[in-house]
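The entries follow the order in which I looked things up.

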Amino acid sequence: MNIKILKKAYILMVCLFTLNFGCKNDESYVTINTESPQPLVVLEDNYKTTLKSCIIALEALENATNFETALANYKKARNHFKSIEPIIAFVDKNNYTALNAPNILKIEEEDATDIKIKNPFGFQVIEEILHEEPLDLISISKITKKTKNRLKLIEQNTYIKLKNYHIIWLIRDQVVRIALTGITGFDSPILENSLNEAQISYATIEDILNLYSTNFSNKELLNQWKSEIKASTKMLNGDFNTFDRYNFIKNHTHSQLKLLNKTIKDWDIEFPFELAFNNNISSLFSNKTFNIDFFADYVEVDSLKTKKQKLGKALFNDTKLSNNNRMSCATCHKQELAFTDGLKTFPKQKRNTPTLSYSALQQSFFYDGRTGNLEGQIVDVVNNVNEFHSNLTNLSKVVELDTIYHNSFKKLYPQGVTDANIRNAIAVYVRSLNKFNSKFDNNINNLENTLTASEINGFNLFMGKAKCSTCHFAPVFNGTVPPNFTETEFELLGVPKSTDLPAVADTDLGRYDVFKTPERKHFFKTPTIRNISKTAPYMHNGIYLDLESLMNFYNNGGGTGLGLELKHQTLPTDSLNLKSNEIKDIIAFMQSLEDK
């Protein structure tokens, strides 16, 4: 029997009972007894001491009178922050995200009556303002003070209560964070100090492992950890733009995940449940990496999944579900085109048809993110007059009258045929379209040795100099932010209405149409680039017919590079300065993401 779980309740449970971070006068504080209190005492003490050091450096930055002094104290504060990142990012996700947010408005749209617009602050904002000309010490002081005060509040009200499995999750999150956002420049946009900051984070991981040394039955395993961290740190002594991220992830990140699995066994860890990652992951690029139920509203019974997928696939391809008996889901989502249709826009549709491959691994659906799950997306398709032009009642009647469907639903669902169960079956099928068997996946997992130098260099550029992965996050290469995967981002790129010059901004307002938030005009969800070789044309309006023109748009600064003035453009407005051969390499890498 399916166990229905509301996504918000699930995340709240994780925050309250799994992370176990508490503040004074905070009703959500939950005390959990630990098996080994002494390491936690030291961990908390070190954490608070480093917080104080970070605050002192920020106070000096707040009162700086010149660029040199300001920069020196910023770096001190930033290094202290990075040294506690594994802990604060785990026990206090919301504050960590705020302190490490990009220098763009934060828009929270819970519903039409609850919209919050927050000005950014924190380290990324300070870093960017610090490097603007002319130097604005007043603005720097203002943002620094707000950042310092937030850290003071955290330092004064922190109580850390973690069990051993939390320590495993904490280390895993940081290993993944380093690989997927740390070494990409995601949170060091100007200084590009990401490699040095990753070294600092690894030092903290080693300190935590040493604190928990008595947990190791196999002392050699702790030595293996130290050797691996030493090797990783040594490799991180490199240049940001030329760093070999492919081999770092392949030979170090994945090795650390394997060491974590050994540690789980050695510590005799039992997990109460799984988060976005499966608890035994050994690769970031595998069909065993993700706990797919985390991204859904249901925990599916494993023994029924295959049968539900088969039923869902039949429904997906059945034209009887539409009012005129001529359209199915597969009409617009063709399997041979990675579940797109190859058109700029399908007749009478407003936007380009997005791929369904890997679509399950996100938290928002449609380009404007107006639904929060696949089942909800199907409702829109059924009701749309230019698609199925039907309703949920008629949908249920059509399926109920089909004897084969009727019997299948009766076996798989206690309630038999209902519109909710029909939508769930289709969604279960769509959630199976995450193959992770591309040429790139097979190579980084040591199943093949066929990647060309161009494809590897393309990945390294994508994850580094070109900054593509600061919006298209690996391993799914969409806008769902690792390592927590609780938020799918929206971006304003400045996509033009046509390729004609002078450029004119597209009239589609995207996310704005959902809640009418002015700051969300022209924002669209960041889709996956997996199978991009099959999903042309590109962008929400299908404006770019090939990858070369798409890459030129990005390389030249998006809409700003075309002369458009869009106040809240999130794509960097400066040129990426990619050479023609570098663009070719990035395209070669993206093409290597085609599923087999």
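What volume does the second largest cavity have? I find about 50 Å³ for the second largest cavity.

**Basis of the entries.** I am working from a predicted model, in which local features need pLDDT of at least 70 and side-chain atom pairs count only at pLDDT 80 or more, while totals for chains, interfaces and linings use all residues. Residues are numbered from 1 along each chain as its sequence is written, and side-chain values use heavy atoms, with hydrogens and water left out.

**Cavities.** I take a cavity, on a 1 Å grid over the protein atoms alone, as a set of points where a 1.4 Å probe fits but cannot get out, a pocket as an open set with protein on both sides within 12 Å along at least five of seven lines, and lining residues as those with an atom within 4 Å of a point. Grid points are joined across faces, edges and corners, and a volume is the space filled by probe spheres set on the points. By this rule I count 4 cavities of 30 Å³ or more.

The second largest cavity is lined by I168, W169, R172, L257, L260, N261, I264, F271, N279 and I281. For element names I use DSSP runs numbered from the N terminus, with helices being H or I of at least four residues and strands being E of at least two. Helices α7 and α10 (245–266) each supply at least two residues of this lining, and α10 gives the most, with 4 residues. I note 7 nonpolar, 2 polar and 1 charged residues in the lining of the second largest cavity, where Ala, Val, Leu, Ile, Met, Phe, Trp, Tyr, Cys and Pro count as nonpolar, Asp, Glu, Lys and Arg as charged, and the others, Gly among them, as polar.

For the largest cavity I read a volume of about 140 Å³. It has 15 lining residues, and P354, T355, S359, Q362 and K525 lie nearest its centre; by class the lining holds 7 nonpolar, 7 polar and 1 charged residues.

Of its 32 lining residues, Q349, F366, Q377, V381 and E387 are the closest to the centre. The elements giving two or more residues to this lining are α12 (329–332), α13 (374–383), α16 (419–430) and α19 (512–515), and α13 gives the most, with 4 residues. I record 17 nonpolar, 8 polar and 7 charged residues for the lining of the second largest pocket.

**Helix pairs.** Axes here are lines fitted to C-alpha atoms, for helices over the stretch in contact, and angles run from 0 to 180 degrees between N-to-C directions. Angles under 35 degrees count as roughly parallel, over 145 as roughly antiparallel, 65 to 115 as roughly perpendicular and the rest as oblique.

Helix α7 (residues 164–180) packs against helix α3 (residues 67–91) at about 115 degrees, with the axes 9 Å apart, and the two are therefore roughly perpendicular to each other. With contact meaning heavy atoms within 4.5 Å, I find E85, P86, I87, A89 and F90 of α3 meeting H166, W169, L170, D173, Q174 and R177 of α7. This contact divides into 6 nonpolar, 2 polar and 3 charged residues.

Helix α11 (residues 302–316) packs with α16 at an angle of about 105 degrees, their axes being 7 Å apart, and this pair is therefore also roughly perpendicular. On the α11 side the residues making the contact include K305, L311, G312 and F316, and on the α16 side they include I422, N424 and Y429. By class I have 9 nonpolar, 3 polar and 3 charged residues for this contact.

How are α8 and α9 oriented to each other, roughly parallel or roughly antiparallel? Helix α8 (residues 194–211) and helix α9 (residues 219–235) pack at about 170 degrees, with axes 10 Å apart, and are therefore roughly antiparallel. Q199, Y202, I205, E206, L209 and N210 of α8 meet L222, W225, K226, I229, S232 and T233 of α9.

**Backbone.** I looked up two cis peptide bonds: one joins L501 and P502, with omega about 0 degrees, and another joins A536 and P537, with omega about -5 degrees. P502 lies in the loop between β7 (490–491) and α19, whereas P537 lies in the loop between β8 (524–525) and α20 (547–555). In the loop between α12 and α13 I came to A338, which has a positive phi of about 55 degrees although it is not a glycine.
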